[in-house]
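Subject: Structure for you to look at

Dear colleague,

I am handing over the structure below, together with some notes on what was found in it. Please read them with the model open beside you.

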There are 2 protein chains.
Amino acid sequence: MEKTIFESVYEKIFPFWNEISDNDREFICKNSISLSYKKGTNVHDSSECSGVFFIRSGCLRVYMMSEDGKDITLYRLYAGDMCMLSASCVLKTITFDVFIDAEEDSECYVVNGPAYAAISERCPNVKIFSLELAVSKFSDVMWVMQQILFMSLDKRLAIFLCDESARIKSDIILLTHEQIAKYIGSAREVVSRMLKYFANEGIIEVSRKGIKILDKNRLRMLTF
Amino acid sequence: MEKTIFESVYEKIFPFWNEISDNDREFICKNSISLSYKKGTNVHDSSECSGVFFIRSGCLRVYMMSEDGKDITLYRLYAGDMCMLSASCVLKTITFDVFIDAEEDSECYVVNGPAYAAISERCPNVKIFSLELAVSKFSDVMWVMQQILFMSLDKRLAIFLCDESARIKSDIILLTHEQIAKYIGSAREVVSRMLKYFANEGIIEVSRKGIKILDKNRLRMLTF
C-alpha cells in the first residue's frame with residue numbers, strides 16, 4: 001500500500017522513473033519513508049547521509065554554520081522541491097556540510113541515502129539527475145554569495161521584503177528581525193536598524209508582530 | 001599532427017576517453033585549440049561559453065565580480081586542473097557567471113564549448129564527468145564562503161600566508177597587498193592593516209617587494 005503512495009509521487013518527480021527497471025523502482029519505494037517535522041526542529045545535521053528529501057508540504061531552511069554557531073541561509077525548500085545535499089553519500093564530490101531545519105510544520109518523503117546511491121551508481125540517468133539537481137543549487141548558493149558579498153544591506157532587505165510579500169501574497173510579513181537576518185545573511189541588530197530606517201522613511205511599519213509594507217513603490221525603488 | 005598532441009593528453013585526463021567512439025574522440029580533438037595567455041590577461045568573461053579548459057602550465061584565477069567591479073577569488077587553477085565553469089553551455093543548470101584571468105603566463109588546451117556539449121548530450125559518462133567536476137568546485141566555493149563569512153581576517157590571512165609559503169616553497173611571498181586581498185576576499189586597506197599588525201608582532205617583515213615570514217610558528221598558531 002505504502003509503495004503505491006510513493007510510486008504515484010515518484011513517477012511525477014523523477015524524470016528517470018520510466019527508464020529504470022521495475023526492481024529498481026520497487027527498491028526505491030521500499031527504501032522510502034514519510035516523515036513529519038514540527039516547526040523549528042532539525043531535519044538534517046551536517047555530514048550524516050540523511051537521504052534524498054522530497055518536500056510534500058511546509059518549508060525547510062538549508063543553511064551553513066560556523067564553529068561558533070553563526071549560521072547563514074543558503075536557500076529554502078517548499079512543497080514540490082527536492083534536496084540532494086542532505087544525501088552526501090550519493091554525491092561523493094560534495095565535501096561540505098549543510099544543516100536543514102523545518103521552518104514550518106513540514107511533511108517529506110525521504111529516500112534512504114545508501115539505497116538511492118546504489119541505484120545512482122547503476123543507472124547513469126539517475127546519477128545525472130542527482131548531479132544536475134546539486135549543480136542547480138550551486139547556482140542558488142552563488143546568488144546568495146553575490147548578495148552577501150557585494151550588495152548593500154538596504155538593497156538586500158528591500159529585495160527580501162518584496163519577494164516575501166509576493167510569495168505570501170500579503171503586505172504583512174510576520175517574521176521576526178532575527179528570522180529576516182538569517183534569510184538575508186546579516187545580524188539581527190543590523191536588520192533592526194535598517195528596518196527602523198525604512199520605517200522612518202514611511203516605507204514600512206514595524207510592530208511587535210511583524211512588518212507592514214506601506215509604500216510598495218519606494219520599496220521596489222530600493223531593489224534596483 | 002595537432003590531433004595527436006591533444007589525444008595523448010586527453011586519454012590521461014578524461015576518464016571517459018576509452019568509453020566514447022573513435023568519431024567522438026576525433027571530434028573533440030578537432031574542436032580543441034592550444035592557447036597561451038600572458039600574465040594579467042582575461043581568459044574568460046562572464047557568460048560566454050569559452051569552452052572546457054585544461055591547464056598545461058601557469059595559473060588561472062577564477063573569480064566572481066559585482067556590478068561595481070569588486071571581485072572575489074573562488075579558486076585558482078594550476079597545471080593539470082580542468083575548468084568546466086567556463087563552459088556554461090555544457091551545464092545548463094549553472095546560471096551564474098564567473099570570470100577567469102591568467103595570473104601567470106599560462107598555456108591551456110581548450111575544447112570548444114558547443115562541441116563538448118554535443119558529446120556530453122550523447123554520452124552519459126561525459127555528462128557525469130562534467131557534472132562531477134562542477135560539483136567538486138561547488139565544494140571549493142562553499143569553503144571560500146565559510147572562510148569569508150565566518151572566519152576572522154587574522155586567521156584567514158595567516159592561513160593564506162602559510163599555504164602560499166608552502167606552495168612556493170619559500171618564506172618570501174612576492175605578492176602585493178592588493179593581490180593578497182583578492183585571494184582572501186577582503187579589501188587592500190584591511191589586509192595592509194593586518195599585515196602591519198603581523199609585522200609589529202615580529203611575525204613577518206613587510207617590504208615594497210613582498211612579505212617575508214620571520215616567525216613561522218607564531219603564524220601557524222594564528223591559523224588554529
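A nonpolar core here means a set of buried Ala, Val, Leu, Ile, Met, Phe, Trp, Tyr and Cys residues joined through C-beta atoms within 7 Å. Please keep in mind that this is a predicted model.

The largest nonpolar core has 81 residues, and those with the most contacts inside it are A:Val52, A:Ala134 and A:Val135 together with B:Val52, B:Ala134 and B:Val135. Helix H4 of chain A, residues 124-150, gives the largest share of this core, 10 residues. If one leaves aside the neighbours of B:Val135 within four places in sequence, this residue is in contact with A:Leu91, A:Thr93, A:Ile94, A:Leu131, A:Ala134 and A:Val135. In soluble globular proteins, nonpolar side chains tend to be buried together.

Elsewhere in chain A, the axes of helix H5 (residues 153-168) and helix H6 (residues 177-184) come within 10 Å and cross at roughly 105 degrees, which makes H5(A) roughly perpendicular to H6(A). On the H5(A) side the meeting residues are A:Arg156, A:Leu157 and A:Phe160, and on the H6(A) side they are A:Ile180, A:Tyr183 and A:Ile184. Sorted by class, this contact of H5(A) with H6(A) has five nonpolar residues, one charged residue and no polar ones.

In chain B, B:Ser170 lies in the loop between helix H5 (153-168) and strand S9 (172-173). B:Ser170 counts as partly exposed, because 13 other C-beta atoms lie within 10 Å. From B:Ser170 to B:Ala115 the separation is 55 residues in sequence and 42 Å in space, C-alpha to C-alpha.

With best wishes

Note on methods: Residues numbered from 1 in each chain as written. Chains lettered and ligands numbered in written order. Predicted model: local features only at pLDDT ≥ 70, side-chain atom pairs only at ≥ 80, totals over all residues. Axes fitted to C-alpha atoms, helices over the stretch in contact; angles between N-to-C directions. Helix = DSSP H or I, 4+ residues; strand = E, 2+ residues; numbered from the N terminus. Parallel < 35°, antiparallel > 145°, perpendicular 65-115°, else oblique. Contact = placed C-beta atoms within 7 Å. Nonpolar A, V, L, I, M, F, W, Y, C, P; charged D, E, K, R; others polar. Buried ≥ 20, exposed ≤ 12 C-beta atoms within 10 Å, placed from the backbone.
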